[in-house]
Amino acid sequence: MFLTLTATCVVVLCLLVVIWIARTRNRHELELHSITPEALHTLLASNQEVLLFDVRQPLDLLADSEIILGATRIPPKELLENPLLIPKEKDSVVYCTCPGDKTSRVVLHRAQAMHFSRIKFLKGGLAGWKAKGYPVEPYEKPFHLDTRT
């Protein structure tokens, strides 16, 4: 019985270590491949060339029809099917409105799998940008509400 309890404790401890390592790696990845609203604003204000892509889901765009000034709208479905819509050779930032930046991360992972090295996602997405009072503009172009991903 004591041996079983010890073995169980060792297995649980190993599992906790694996979970901790995975979370640490994920946090590190986020820091490497993300940019804060403040840093992006500074970058854009300095006139450095950076491409900005709004990759929000269609329903999110319907709910909040504003876009960051200078951003290009690319539906996530189209971008996942054709990641070359974002140039490999230029610094790029993608943003969405998902809690935890889910859509941006999916796009980022797909781009990384294709060896894109100059792409980041905006921490906090559009909401984080707007919370800082940075400029947005109305998005008035037509778009499809195809919610299949």
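User: Which order do the five strands of the open sheet have?

Analyst: This is a predicted model, in which local features need pLDDT of at least 70, side-chain atom pairs count only at pLDDT 80 or more, and totals for chains, interfaces and linings use all residues. Residues are numbered from 1 along each chain as its sequence is written, and side-chain values use heavy atoms, with hydrogens and water left out. Strands (E, at least two residues) and helices (H or I, at least four) are DSSP runs numbered from the N terminus. Two strands pair if DSSP finds at least two bridges between them. Here the order of the open sheet is E1-E6-E5-E2-E4, with parallel pairing.

User: Which strands stand at the edges?

Analyst: The edges are held by E1 and strand E4 (72-73); each has a single partner strand, so one side of each is left without a neighbour in the sheet.

User: How many bridges join E1 to E6?

Analyst: Two bridges link strand E1 (residues 34-35) with strand E6 (residues 119-122), and the strands run parallel. Ser34 has Phe121 as its bridge partner in E6, and Ile35 has Leu122. E5 and E6 also run parallel, joined by three bridges; Val93 stands opposite Lys120 in E6.

User: Which residues touch the most other members of the largest nonpolar core?

Analyst: A nonpolar core is a set of buried Ala, Val, Leu, Ile, Met, Phe, Trp, Tyr and Cys residues joined through side-chain atoms within 4.5 Å. Buried means under 20% relative accessible area, exposed means over 50%, and partly exposed lies in between (1.4 Å probe, protein chains only). In this core of 15 residues, Leu40, Leu52, Ile68, Val93, Tyr95 and Leu122 touch the most other members. Strand E3 (66-68), E5 and helix H6 (125-131) are the elements that give two or more residues to this core. A second, separate core has 13 residues, including Val55, Ile86, Val94 and Leu108.

User: Is Asp54 buried or exposed?

Analyst: Asp54 is buried, because its relative accessible area is 0%. The residue is placed in strand E2 (residues 51-54). A polar contact is a pair of N or O atoms within 3.5 Å; within protein, one must be able to donate a hydrogen and the other to accept it, and residues adjacent in sequence count only if both atoms are side-chain atoms. The side chain of Asp54 makes such a contact of 2.8 Å with that of Arg56, and another of 2.9 Å with that of Tyr95.

User: Where does Thr97 lie, and which residues does Thr97 touch?

Analyst: Thr97 lies in the loop between strand E5 (92-95) and helix H5 (102-113). Contact means heavy atoms within 4.5 Å. Not counting residues up to four places away in sequence, Thr97 touches Arg56, Asp60 and Leu126. Thr97 and Arg56 are 41 residues apart in sequence, yet 6.3 Å apart in space, C-alpha to C-alpha. Thr97 is partly exposed, because its relative accessible area is 29%.
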